[in-house]
Amino acid sequence: MSEKKQGTHTPLTQAQLAALASRNSSAMRRKAAVQAANKPHSTREAGAGGSTNTMMRINTEDSKGLSVDPVIVLVLSVAFVLSVVLLHILGKVARYFIK
């Protein structure tokens, strides 16, 4: 009696591997095409909907609190970072001269 051991398999030939790769690649292309067709093309199609209540209210009449121009915030934050770097360099120079 010829018993086959479980867990063993015969190696695939080159032709079988090529056929398997071809079959898998065409299935992947079909799947990618279906996903691309179902994907929304804009944020409005995706459901965000332009100027709805889902968007943040920045610098509007309805928003409460202090309204500051984003350019001002950017300039002040860059100035703060530069001041920290400058103080770090000055600390290194001062330590060199103190010794």
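**Helix H3 and its surface in a predicted model**

Val-81 lies in helix H3, which spans residues 70–98; helices (H or I, at least four residues) and strands (E, at least two) are DSSP runs numbered from the N terminus. The model is predicted, so that local features need pLDDT of at least 70 and side-chain atom pairs count only at pLDDT 80 or more, whereas totals for chains, interfaces and linings use all residues. Residues are numbered from 1 along each chain as its sequence is written, and side-chain values use heavy atoms, with hydrogens and water left out.

The protein contains three helices and zero strands, arranged along the sequence as α-α-α. Its mean pLDDT (the predictor's confidence in each residue, from 0 to 100) is 77, and 68% of the residues reach 70 or more.

An unreviewed UniProt entry lists residues 71–90 as "transmembrane region"; UniProt positions follow the numbering used here, feature names are shortened, and annotations may be inferred rather than shown by experiment. This span is 100% helix and 0% strand, and its end C-alpha atoms are 28 Å apart.

Of the 99 residues, 1% count as buried (under 20% relative accessible area; exposed is over 50%, partly exposed in between; 1.4 Å probe, protein chains only). The protein exposes about 9800 Å², of which carbon and sulfur atoms supply 63%; accessible areas come from the Shrake-Rupley method with a 1.4 Å probe, and for residues only the protein chains shown count as cover.

The structure holds one aromatic pair. The ring centres of Tyr-96 and Phe-97 lie 5.5 Å apart with planes at 70 degrees, so the pair is edge-to-face (centres within 6.5 Å; planes under 30 degrees apart are stacked, over 60 edge-to-face, the rest tilted). Tyr-96 is exposed, at 65% relative accessibility, and Phe-97 is exposed, at 65%.

Terms used
Phe/Tyr/Trp six-rings, centres within 6.5 Å; stacked < 30°, edge-to-face > 60°.
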